[in-house]
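Here are my notes on the model you sent. Please read them with the coordinates open.

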Amino acid sequence: MSTFKHGLPLALASGVLLLIFCAGGPLHAQGLPTRMERSDDPLNRDPKRPNSYEINTEQQNAVQGKEIERALRDGNEATNATPPRYSDAEKSYQAALKLNPKEARAYLGLGRLYAAQNRADDAATAFKKAIEVKPKLAEAYFNLGMIYAATGKKEAALEQHHALQGLNVDLAKRLKEFIDKQS
């Protein structure tokens, strides 16, 4: 055991020094900060009073959401026009995806657009991407199953039917009927 020259054990001496240092009581009781506090600390933030960053972000998201909705609406209108304006529709859906690459409705619109143009591979790719982005989007499974059935890929179509059964029974039934007619 280590000792000072007067024979006081080192552990006891360090304990005495600690008591002397803390004699004023705990640091927080003395009004001293026990941790570094920042004004932008999310734990100290009042949720009823958003800061400028939160306000700006909310405004940007609102504007972006309106632009996405407009692009999707324009895409749908161009697709459903008589005669269909496929290039305008594709540009609109792509614009929505540029604003938000995880917008499943834009992939769904592209898939329908490509299917209407008999571009089965492009349609299947778009529907797969819609499923990847939003795994519970029943319409994407249905349309992908329809593409597979129409192109003679019965096993792949049945896989989509199986996945669809847990999401939308009516669409699963319609897909199964279509698969059976193609056989």
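1. The model is predicted, and the remarks here should be read as remarks on a prediction.

2. Helix 3 covers residues 86–99, 14 residues in total. Its first and last C-alpha atoms are 20 Å apart, close to the 20 Å expected at 1.5 Å a residue. Ala89, Ser92, Tyr93, Ala96 and Leu97 are its buried residues. They lie on the same side of helix 3, because the arc they cover around the axis is only 140°. An α-helix has 3.6 residues a turn, so residues three or four places apart point the same way. Lys91 and Lys98 are exposed and sit on the face of helix 3 turned away from the buried side.

3. The largest nonpolar core contains 37 residues, and Leu110 and Leu164 have the most contacts inside it. Two or more residues each come from helix 2 (52–80), helix 3, helix 4 (104–116), helix 5 (120–133), helix 6 (138–150), helix 7 (154–165) and helix 8 (169–182). Helix 6 supplies the largest share of this core, with 8 residues.

4. What does Leu110 touch, leaving out residues up to four places away in sequence? Its contacts are Glu90, Tyr93, Gln94, Leu97 and Ala126. Of these, Tyr93 and Leu97 are also among the buried residues of helix 3.

5. Helix 6 is largely enclosed by the rest of the structure, because 10 of its 13 residues are buried. The buried residues are Ala138, Ala140, Tyr141, Phe142, Asn143, Leu144, Gly145, Ile147, Tyr148 and Ala149. They pack against helix 4, helix 5, helix 7 and helix 8.

6. The length of helix 6 agrees with expectation: at 1.5 Å a residue its 13 residues should span 18 Å, and the end C-alpha atoms are 18 Å apart. Just after helix 6, Gly152 has a positive phi of about 80°.

7. Not counting residues up to four places away in sequence, Thr79 touches Pro84, Ala89, Tyr93 and Leu113. Ala89 and Tyr93 belong to the buried set of helix 3, and Tyr93 is also touched by Leu110.

How values were computed:
Residues are numbered from 1 along each chain as its sequence is written. This is a predicted model: local features need pLDDT of at least 70, side-chain atom pairs count only at pLDDT 80 or more; totals for chains, interfaces and linings use all residues. Side-chain values use heavy atoms; hydrogens and water are left out. Helices (H or I, at least four residues) and strands (E, at least two) are DSSP runs, numbered from the N terminus. The expected span of a helix is 1.5 Å times one less than its number of residues. Buried means under 20% relative accessible area, exposed over 50%, partly exposed in between (1.4 Å probe, protein chains only). The arc is that of the directions from the helix axis to the C-beta atoms. A nonpolar core is a set of buried Ala, Val, Leu, Ile, Met, Phe, Trp, Tyr and Cys residues joined through side-chain atoms within 4.5 Å. Contact means heavy atoms within 4.5 Å.
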